[in-house]
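Here are a few notes to keep beside you as you look at this model for the first time. Take them in any order you like.

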Amino acid sequence: MDFNFTEEQGMIRDSLSRLIREKYDFETRVGVVKSDSGWRPEMWAQLAELGLLMAPFSEEDGGLGGGPVDVMIVMQEFGKGLVLEPFVPSVVCGGGFLKHGGTAAQKEEHLTAIMSADSTFAFAYAEPRGRYNLADLETTAKKDGSGYVLNGHKAVVIAAPWANKLIVTARTGGGRRDADGISVFIVDKAAKGVSTRDYPTVDGRRAAEVYFDNVSVGADALIGEADNGLGLIERVVDEATAAVCAEAAGVMGVAHAMTVEYSRQRKQFGTPIGKFQVLQHRMVDMFMEHEQSISMTYMATLKLGEDEVTRKKAASAAKVRIGQAGRFVGQQAIQIHGGMGMTEELAVGHYFKRLTMIDSEFGNVDHHLRRYTTLSAGEAKLAAE
Amino acid sequence: MNLDFSPEEIAFRDEVRTFIDKSYPKELFGFGGREDLSREQYLAWHKVLAKKGWSTPSWPTEHGGTGWTSTQRYIWSEENARVDAIMPLPFGVAMVAPVIYTFGSDEQKARFLPKIQSGEEWWCQGYSEPGAGSDLAAVKTTAVRDGDDYIINGQKTWTTLAQHADWGFFLCRTDPKAEKRQQGISFILIDMKTPGIEVRPIITIDGSHEVNETWLTDVRVPVENRVGEENMGWTYAKFLLAHERSGIAGVARSKRGIEKLRAIAANEVIDGKPLSEDASFASKVSQLEIDLTALEFTELRTLAGEAQGKGPGPESSILKVKGTEIQQRLTELTLEAVGHYGAPYLRGRPADGSNTYDVGPDYAPHAAPMYLNMRKTSIYGGSNEIQRNIITKMILGL
Ligand SMILES: Cc1cc2nc3c(=O)[nH]c(=O)nc-3n(C[C@H](O)[C@H](O)[C@H](O)COP(=O)(O)OP(=O)(O)OC[C@H]3O[C@@H](n4cnc5c(N)ncnc54)[C@H](O)[C@@H]3O)c2cc1C
């Protein structure tokens, strides 16, 4: 057992945290959020130059040979700085599908572009009536010659306004919510028949509704096996879940530190409010929630490579615990800041907003608790047989 | 003891219901509690009620109260919550008015009460300052006598909706040398158009403009605008805070909120079934409703006590703490219910002022802003920590 980072991983963390310190201060971020595009492509390119977008890919695929732990390190730093750029949609999801399911040609074409930031991917999986069930798909892809024709509506596709490529999950067979009959496609956002309705999100990012109206794609757009995509989707989503858990841990750490610091500075009744025992204990509880979130992030990250049930349970357990912790830490950070916590001007409110939104990404607490319960029941049944 | 309405009370309920159904502005159905209302929207129902003589039910009848019993007032708030009405704001009707009719001069009563009742004059509350939040007695804004005027200097903050206000009630220090800090404060009514007042917006995390900084520089206010005695303002301020707290439970509104939440959950789909049929979600809603019932009966007990002449006491702190926790929980569950569509930030749109959006279901875009906005409720009106301190001291005697 070893919870230490390698030298390379330490370097990734240090260079990223330096970049964020120098170029991602709160005021700068506020300006970027308000700008027309809502992000900085040049920052994205700079992250690529640092090699960050290559970190989780094997050397064979042209990456740096890292893996989930590298993603975890990056995402914790992203969380601390509330970084907007689409590491999870493009690198973890887009890159993840290619890494686990792409052909050599697809990797050659797309993975290289993801790593260099020449391509930016968004992951279009959610649907208006599908909630967090990855198999509940109304979007269809019908076989058409050697290719497919896509029709459907994807909801709240994070980073779609910034992306030039989309990963799209669609039904190629089976009934709605069947595990079989699901396929995954790469679709050019500029393809004929793709339209988007872009908007900002509550936590300062950008997303879009994406509509597919008879969008034709070639056979080479299919990632992985036709009709058999759910396993691949679940794997990538578990990786993305671990990544946003790491991000949440980073966000919580800063929200907690800001709160402790504020309680030192803020005086009422002639004393720093941090001297009130009820607030001290509250901040201790926040601290414990944060520590457990880090632990769960490590746990889930380290189990991403294990067998399917172990991996799924680990990702769900982490997401449950971190969803709960994030809510508590975020709410109490605001509470202890008093009126100041309610202001858009102070950074702490933005950390709270990010924590709030992370809960609904890749399934909220209820969803993952249910999934964990189902998986456990399945194991118990197997053991009994 | 019984819980039944008398035939008279049932007749009253029917009268109220008919009146509301007929007179409540249709375009504002379901807008109560929204964080992005215009001045006109805030005042629309108030003005209708004023014409009917129902804008200030809780006032003594000689000043224009309706003389309703506590049961009638309970019915009144229930019926308004049914349409999610935008009720008259508390600052005039429920806060400054009781201070004026209890401690004010006859001139002040005649000058201010009618226009509070009619909704003609909008009031704001100038208590908090950057250095005086929970510790309100630390107010530093000074009022210095100059002939028949006070010259007022200082900074207030968190002044809710001061951007619309015609008048404000302010706590100012009139005796900086008083032995105890509480003894040197006066309660002063200020015309917000007086030169030297500057109101600057504070934008909150939900993106709305609800609070402000209010800067006062050499603001000249006639001494006759002081309510009650000089240096006795703390007494009036505390009297007012108790009134503020008792209205804060929001039982009727939360009941309506639960109904709305149930409607949302019935429309949301989880694995092909309505979310309302999902056992774990449904049980969370039930839990909330049970908590609300406990609050409701606690409030009814408190009201019964008040009807027997016990003023709002430290027990109202229970209503504040539990009421706000329930309001916050309601917004948490609503945000959970809307799933992915909690993320789009569409507030302020569509520009036509309608309630129809081109992204997701129409109930979704307000879920996250409301969740964020409602965090305020455990901070203002005496934070929930301060309420627990009050109960500790005043009830537990520790
Ligand atoms: C949306 C909003 C609207 C408002 N509207 C108005 C208005 O119209 N007019 C007006 O005058 N004011 C208004 N307020 C101000 C409100 O009354 C204050 O925010 C409140 O009194 C808390 O003060 P503070 O914000 O300075 O927090 P602080 O007093 O600095 O408190 C910070 C934290 O410390 C805790 N704390 C403080 N003292 C103690 C203690 N002794 N023991 C334990 N914990 C403690 C608090 O509970 C809080 O969690 C509004 C506030 C908000 C957020």
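1. H7(A) and H10(A) run roughly antiparallel to each other, a label for angles over 145 degrees. Helix H7 (residues 230–265) of chain A and helix H10 (residues 347–359) of chain A pack at about 150 degrees, their axes 10 Å apart. Helices here are DSSP runs of H or I with at least four residues, and strands are runs of E with at least two. Axes are lines fitted to C-alpha atoms over the stretch in contact, with angles from 0 to 180 degrees between N-to-C directions.

2. A word on the source: this is a predicted model, in which local features need pLDDT of at least 70 and side-chain atom pairs count only at pLDDT 80 or more, while totals for chains, interfaces and linings use all residues. Residues are numbered from 1 along each chain, chains are lettered from A, and side-chain values use heavy atoms, without hydrogens and water.

3. Where the two helices meet, H7(A) contributes residues including Val244(A), Glu247(A) and Met258(A), and H10(A) residues including Tyr351(A), Arg354(A) and Ile358(A); contact means heavy atoms within 4.5 Å.

4. Do look at Phe123(A): leaving aside neighbours within four places in sequence, its contacts include Phe97(A), Ile233(A) and Phe362(A).

5. In chain B, Thr194(B) sits in the loop between strand S5 (185–191) and strand S6 (197–203). Thr194(B) counts as buried because its relative accessibility is 15%, and buried means under 20% relative accessible area (1.4 Å probe, protein chains only). Beyond residues up to four places away in sequence, Thr194(B) touches Val219(B) and Arg220(B).

Terms used. Angles under 35 degrees count as roughly parallel, over 145 as roughly antiparallel, 65 to 115 as roughly perpendicular and the rest as oblique. Buried means under 20% relative accessible area, exposed over 50%, partly exposed in between (1.4 Å probe, protein chains only).
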